[in-house]
Amino acid sequence: MFTGWRRRLLDSGYAFGMVRWLGLACLLLVSAAGVAEQGCDAGVAALRMRQGELQRVKVEEMTSEVSPALRPLISGMKEALAGAVDAGVRCAPAGEHAAAMQARLVKLLDANQPGKPFTPSSGPAATASDGVYGTDLHVAVSAPANAPQMRAVVVSFGIECGDDSMLLLYEPTAAGWRLALRWQSPEYAEISGAFGGFFQFVVIPGSPWKIAVAHGTDWCTSRWSGFEIDVLTAGMKAASPRVVWHQRHGFVIESDPRMMARPDGFELRLDVGTIEGDQLVRKGVFRYRVSGDTVERVQPIAVDGRGFVDEWLQAPWSESRRWSVAEGAATLQKVHEAFANGRKDASVTYTYGPVRACSVKGQYEVEMDREPGGPEFFAIKEEPSGYLLANVGTTADERCSGRDLMPVK
């Protein structure tokens with residue numbers, strides 16, 4: 001039996017021990033939270049350093065060349081940017097909405113503030129140039145339409161006459177968000193090598209899933225540019241995805257490109273150049289069917305009959321053959337080859353004439369005048385998804401004598 005004073009002494013010692021234990025536990029929890037918070041901004045300091053390095057490189061305005069000294073700095077900037085984003089995303093709660101994740105990354109990286117001057121975090125501020133490399137940091141987070149469980153993070157930064165973008169795609173796991181794919185431009189000697197101008201993507205569901213990414217190519221002096229599309233799937237490493245298919249095509253920087261998912265693939269619409277001198281620009285349609293590792297362009301290839309003929313002439317024969325009637329393929333191939341040879345002669349010009357409906361329902365005639373050479377008449381048949389080229393002649397078909405359906409304005 002303990003006496004009263006001994007019991008009181010033991011009770012007081014027990015209480016003191018409990019208070020001490022609770023205080024230590026609270027301290028450990030606070031410390032753990034601090035470490036976790038610190039882990040979320042891992043890589044930000046390295047990012048700031050890389051930005052500073054880029055900013056201190058003096059670059060002449062409107063220079064499309066990227067100097068050998070600048071190239072590794074751009075690569076280092078992308079590595080640091082990917083590391084900072086990855087640390088921030090890994091701290092995001094499971095299932096966090098895209099808008100909340102974007103707000104988190106914007107705050108972490110001090111991004112989405114166009115026009116804000118950047119001050120290097122180290123080195124004399126007076127050595128900072130007025131260049132744009134590494135500035136205008138931008139972050140956008142989305143839940144892809146075909147894969148809402150994923151989070152797609154697109155980050156970009158300024159370069160001369162444009163920007164360079166990269167994509168980081170995350171999948172949810174029991175342990176948190178996992179980087180599944182990272183897609184960025186390789187080192188480039190000219191700004192056209194950057195993933196710039198526009199940057200859009202769609203996830204293609206399946207097993208395994210794929211993603212189609214389209215981007216423009218920056219340039220300083222012209223609205224006539226090019227775009228590239230890549231179909232990717234996850235590789236052994238997130239930073240090394242497998243390229244299933246690649247395509248490059250010309251386009252005109254006029255209206256905003258628009259990429260969308262389709263049940264069997266994807267589609268990109270943007271402005272492209274024509275073969276004639278009066279109407280230089282038309283709406284282009286690039287629709288693709290994806291089946292396994294096969295990516296095939298399908299109809300429609302244009303928004304109207306004249307655009308169809310224009311695209312049929314400019315596309316490679318391997319594609320144009322599929323948009324031609326089978327029984328006339330050999331003859332139409334010669335027409336296609338003759339046009340390709342004629343384009344090599346700068347003195348040859350083309351002008352589109354009227355588009356007329358024929359007496360046979362669903363058939364039309366598109367006139368094109370070649371100088372020198374005279375007029376040619378392209379007979380096309382309307383299909384459920386587009387057109388087929390049926391015939392090409394040097395005289396108009398008397399059955400196609402209606403009004404001009406597409407008068408040049």
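**Disulfides and ring pairs**

Cys 400 is buried, at a relative accessible area of 7% (buried is under 20%, exposed over 50%, partly exposed in between, with a 1.4 Å probe and protein chains only). This is a predicted model, so to speak of local features takes pLDDT of at least 70 and side-chain atom pairs count only at pLDDT 80 or more, while totals for chains, interfaces and linings use all residues. Residues are numbered from 1 along each chain as its sequence is written, and side-chain values use heavy atoms, with hydrogens and water left out.

Cys 400 pairs up with Cys 358 in a disulfide, sulfurs 1.9 Å apart (the cut-off for a pair of cysteine sulfur atoms is within 2.5 Å). With 95° about the S-S bond, this link is right-handed. Cys 358 is buried too, at 15%. The structure has three disulfides, and another one joins Cys 40 to Cys 91 at 2.1 Å. Here the S-S torsion is about -110°, so the bridge is left-handed. Cys 40 is buried at 13%, whereas Cys 91 is partly exposed at 30%. Counting bonded cysteines along the chain, the pattern reads 1-2, 3-4, 5-6.

As for aromatics, rings of Phe, Tyr and Trp (its six-membered ring) pair if their centres lie within 6.5 Å; planes under 30 degrees apart are stacked, over 60 edge-to-face, the rest tilted. That gives 10 aromatic pairs. One of them, Phe 227 with Phe 286, is edge-to-face, at 5.2 Å between centres and 75° between planes.
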